Amino acid sequence: MPVFQDDDDDDDVQSSPVYEKKNGLGGQVEVETRATNMSDTELRHNNRHHHHHRGGNKDSSDFSTAHSLSGQGSSAGGERSGSEGSDGALDKDRIEIKPVNDEDDTSVMITFNQGVSPFIITLTFVASISGFLFGYDTGYISSALISIGTDLDGRVLTYGNKEIVTAATSLGALISSTMAGTAADMYGRKPCIMFSNIMFLVGAILQVSAHKFWQMAAGRLIMGFGVGIGSLISPLFISEIAPKMIRGRLTVINSLWLTGGQLIAYGLGAAFNHVNNGWRILVGLSLVPTVLQFCFFLFLPDTPRYYVLKGDYEMAKVVLRKSYRDAPEEIIDQKVQELADLNHSIPGRNQAERYWNSVKELHTVPSNFRALIIACGLQAIQQFTGWNSLMYFSGTIFETVGFKNSSAVSIIVSGTNFIFTLVAFFAIDKIGRRCILLIGLPGMAMALTVCAIAFHFIGIKFDGKDATVAHGGYSSWGIVIIVFIILYAAFYALGIGTVPWQQSELFPTNVRGIGTSYATATNWAGSLVIASTFLTMLQNITPSGTFAFFAALSAVSFVFCYFCYPELSGLELEEVQTILKDGFNIKASKALAKKRKMQAATVQHDMKYEPTQEIIEE
Ligand SMILES: O[C@H]1[C@H](O)[C@@H](O)[C@H](O)[C@@H](O)[C@H]1O
């Protein structure tokens with residue numbers, strides 16, 4: 001079995017089941033990429049085949065389609081292929097299909113040149129409406145808080161009231177996200193999203209008709225239940241229907257809808273700022289996408305994985321057939337078989353036992369626990385570096401530093417967030433998650449530090465109800481604050497705003513639901529803490545102190561990511577597990593990601609012409 005030293009910097013595209021790497025401490029770390037646990041699900045069928053050697057050479061001989069991009073097929077198929085001489089007994093026309101160990105994967109499907117079907121695009125589009133609602137409903141509150149005036153209880157809202165109305169949604173989201181993963185396994189992803197639509201509906205109606213502060217807060221809380229469910233299920237749904245090779249990007253599409261929703265909320269907020277009861281229109285408009293998503297889902301199916309989970313193999317096949325229109329029936333059958341085999345790999349006689357075993361596995365298996373640290377760590381960093389306090393209160397801040405049309409400035413901030421999420425969409429696989437994180441965090445720390453200094457010179461004071469500035473009107477420090485808040489937004493969206501939502505790739509199948517639930521709950525807990533304390537912080541430790549605090553946290557977060565976040569772009573899911581097996585193995589992950597990218601480029605190029613392919617080691 002071939003072995004290569006990976007501590008060199010060569011760019012070859014060798015693929016091997018065993019890698020020897022030096023870890024950061026100089027010790028030897030053996031990273032084995034065999035999909036050993038899946039060998040029992042090995043499937044075979046007769047078909048025409050092609051055999052790709054590394055470097056993209058092809059010949060026609062015995063073949064295993066194990067793993068097109070990673071060469072993991074080398075575990076079972078590769079060993080056979082590797083002993084070609086002794087394998088002469090193998091039937092020339094036999095294709096051996098071995099799944100990777102991820103049931104979301106299209107490892108059988110990858111034997112086709114599969115485009116993204118209109119059906120997959122439709123499902124992604126409809127599921128992402130949850131992302132839009134997440135963004136819109138967390139976005140409109142900033143301008144609503146300004147235009148609400150004395151419409152509730154006939155008085156001006158205190159900062160405390162504003163914090164409650166804002167934080168209620170995060171609280172609702174926190175509560176529902178802790179249960180959403182399990183509910184999705186029990187009742188299905190689609191019913192969960194439809195249930196979230198009902199929460200959005202009830203919450204919005206309560207708010208639109210509110211004349212009392214507490215009714216408004218209750219409406220925001222119930223809307224939050226919907227946001228929490230949507231924020232977890234939508235990326236999960238997309239990852240389960242997406243073809244493996246574009247799964248990462250499709251997940252970022254959900255983030256694009258999210259930040260786009262925030263942008264639209266700010267735009268409409270500016271438009272309705274001076275309209276009587278304009279905030280009610282803002283809230284009321286959120287009913288449109290909710291109702292649309294609910295109606296669309298009446299006609300759309302759940303994910304194949306869910307149907308297999310429930311034993312409804314026929315429905316799973318129906319969805320797969322629509323998703324991969326060119327796939328022959330036998331491939332569809334085998335994909336369903338793969339999913340069924342993987343489904344049994346979760347131990348337990350019933351749902352409760354399986355749930356408990358997942359919880360145990362999450363905490364006791366070292367690679368899972370490291371994945372948990374990274375996933376929760378990134379979500380916590382995303383929130384505790386202060387972005388959402390700006391999303392929620394930027395209107396108030398900009399008004400205070402002298403900008404009358406504060407909503408317009410807020411549009412620029414959320415527009416920057418959207419545009420740089422788009423930049424992240426292109427960069428996340430190309431230059432890698434780790435790299436954009438390590439660019440973004442120091443950039444944020446720098447921008448926040450400048451804001452802290454500017455706030456000091458502008459002489460701003462919050463007394464819990466009103467904000468006063470020593471130098472009223474436009475000032476050069478006010479402009480510095482706006483410019484650097486925009487820069488902060490750009491660095492944020494490029495890295496930490498987007499990367500944490502790739503969380504599902506960190507976990508293996510059996511703990512993915514529960515792992516992503518923990519991480520999503522961490523996100524909402526952080527959002528809740530920040531939203532409910534930001535204005536109090538401004539008051540007690542001054543705006544300068546608050547921004548300096550966020551700057552310090554960004555700097556510390558950089559250190560965390562530098563030492564704990566491996567490069568995962570282009571890696572197969574089980575490779576992520578092996579990378580995390582005995583440490584965070586940053587160096588090894590970077591080398592492996594580099595090689596995988598080159599292999600993927602070769603395979604993608606060839607896929608245009610070949611129905612099947614594989615990279616194997618010689
Ligand atoms: O990824 C998103 C995005 O960055 C949003 O702008 C932010 O409001 C959310 O909290 C975050 O989860």
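Trainee: Which helices each supply at least two residues of the shell around the ligand?

Mentor: They are α6 (247–271), α13 (366–384) and α14 (387–400); helices here are DSSP runs of H or I with at least four residues, numbered from the N terminus. This is a predicted model, where local features need pLDDT of at least 70, side-chain atom pairs count only at pLDDT 80 or more, and totals for chains, interfaces and linings use all residues. Residues are numbered from 1 along each chain as its sequence is written, and side-chain values use heavy atoms, leaving out hydrogens and water.

Trainee: What makes Trp387 and Asn388 residues around the ligand?

Mentor: Both are listed around the ligand, because a residue is near a molecule if one of its heavy atoms lies within 4 Å of it.

Trainee: How many nonpolar, polar and charged residues does the shell have?

Mentor: Five are nonpolar, seven are polar and none is charged. Asp, Glu, Lys and Arg count as charged.
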